Amino acid sequence: MTDLSVRRLTGADVEGWRALRLEALSTYPQAFLTTYDEAAAVSLDTIAERLENGHSFGVFTGSTLVGIGSLIPQTKAQTKHRADLGAFFVQPGAQGSGAATALVEGIAAAAGQLGISQLELFVAASNARAIAFYMRAGFREVGQIPNATLSDGHAETDLIMIRAIA
């Protein structure tokens, strides 16, 4: 897809963001810390306020939102150079189109503009496709968290991955 664009989302994007977030949670429930029911219970007003005040980004094909991701800056004086990449999802129909790469690069560029020099993320060790994508996007594994999540009695190890921002 050549008509890709990335931008920071605002409260006006609330319905599209919520639809994608719920799709992500129903499609890949084990990939996120929030459950579908937890996300569905959050009001549109609350989501709109979070979008207005946060660093959520969207990737669009034309005017259609096809992916979302968040930049979560650290706030302590000694860690302000770091931020987490969170809630990253691209619709299955847009996967393989360059949308995910455009989104991660857009978020990385925004991080750099904020003075952030290191992006960090956590990904389930069993999620080979996501790990391969993040490695292609410049992330590298620096550690693991055994038993990071527990779902239906199954413990999952998370990989800790980082990417330097030039």
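Modeller: In what follows, a contact means heavy atoms within 4.5 Å. Please bear in mind that this is a predicted model.

Biologist: Which residues does D13 touch, leaving aside residues up to four places away in sequence?

Modeller: D13 is found in the loop between strand 1 (4-8) and helix 1 (14-27). Its relative accessible area is 12%, and buried means under 20%, so D13 is buried. Not counting residues up to four places away in sequence, the residues that D13 touches are R7, L51 and F60.

Biologist: Over how many bridges do strand 6 and strand 7 pair?

Modeller: Strand 6 (residues 140-151) and strand 7 form a hairpin with two residues between them. In the turn, D152 has a positive phi of about 50°. L150 stands opposite A155 in strand 7. The two strands pair in the antiparallel sense, and the number of bridges is eight.

Biologist: Which residue in strand 7 is the bridge partner of E120?

Modeller: Strand 7 (residues 154-164) also pairs with strand 5 (residues 118-124). This pairing is antiparallel and runs over seven bridges. In strand 7, the bridge partner of E120 is I162.

Biologist: Is L85 buried or exposed?

Modeller: L85 lies in strand 4 (residues 82-90). Not counting residues up to four places away in sequence, L85 touches S70, V104, I107, E120, L121, Y134 and F139. Its relative accessibility is 8%, and the limit for a buried residue is under 20%, so L85 counts as buried.

Biologist: What distance separates the C-alpha atoms of L85 and L119?

Modeller: L85 and L119 are 34 residues apart along the chain. L119 has its own contacts beyond four places in sequence, including L71, A83, F139 and I162. The C-alpha atoms of L85 and L119 are separated by 6.5 Å.

Biologist: What is the angle between the planes of F88 and F133?

Modeller: The structure holds five aromatic pairs. One of them is formed by F88 and F133, with 5.9 Å centre to centre. F88 lies in strand 4 and F133 in helix 5 (residues 128-136), so the pair ties together parts that are 45 residues apart in sequence. The pair is stacked, and the angle between the planes is 25°.

Biologist: Which residues form one aromatic cluster?

Modeller: F88 is buried at a relative accessible area of 15%, and F133 counts as buried at 13%. Y134 and F139 form an edge-to-face pair, 5.7 Å centre to centre with 75° between the planes. Y134 and F139 are buried as well. The residues of the one aromatic cluster are F88, F133, Y134 and F139.

Biologist: Which element gives the most to the largest nonpolar core?

Modeller: The largest nonpolar core has 30 residues, and L71, L85, F88, L119, V123, Y134 and F139 have the most contacts inside it. At least two residues of this core come from each of strand 2 (56-61), strand 3 (64-73), strand 4, helix 4 (99-113), strand 5, helix 5 and strand 7. With eight residues, the element that gives the most to this core is helix 4.

Biologist: How many residues does the second, separate core have?

Modeller: This second core is separate and includes L9, A48, L51 and I68. One of these, L51, is also touched by D13. The number of residues in the second core is 17.

Definitions and conventions: Residues are numbered from 1 along each chain as its sequence is written. This is a predicted model: local features need pLDDT of at least 70, side-chain atom pairs count only at pLDDT 80 or more; totals for chains, interfaces and linings use all residues. Side-chain values use heavy atoms; hydrogens and water are left out. Two strands pair if DSSP finds at least two bridges between them. Helices (H or I, at least four residues) and strands (E, at least two) are DSSP runs, numbered from the N terminus. Buried means under 20% relative accessible area, exposed over 50%, partly exposed in between (1.4 Å probe, protein chains only). Rings of Phe, Tyr and Trp (its six-membered ring) pair if their centres lie within 6.5 Å; planes under 30 degrees apart count as stacked, over 60 as edge-to-face and the rest as tilted. A nonpolar core is a set of buried Ala, Val, Leu, Ile, Met, Phe, Trp, Tyr and Cys residues joined through side-chain atoms within 4.5 Å.
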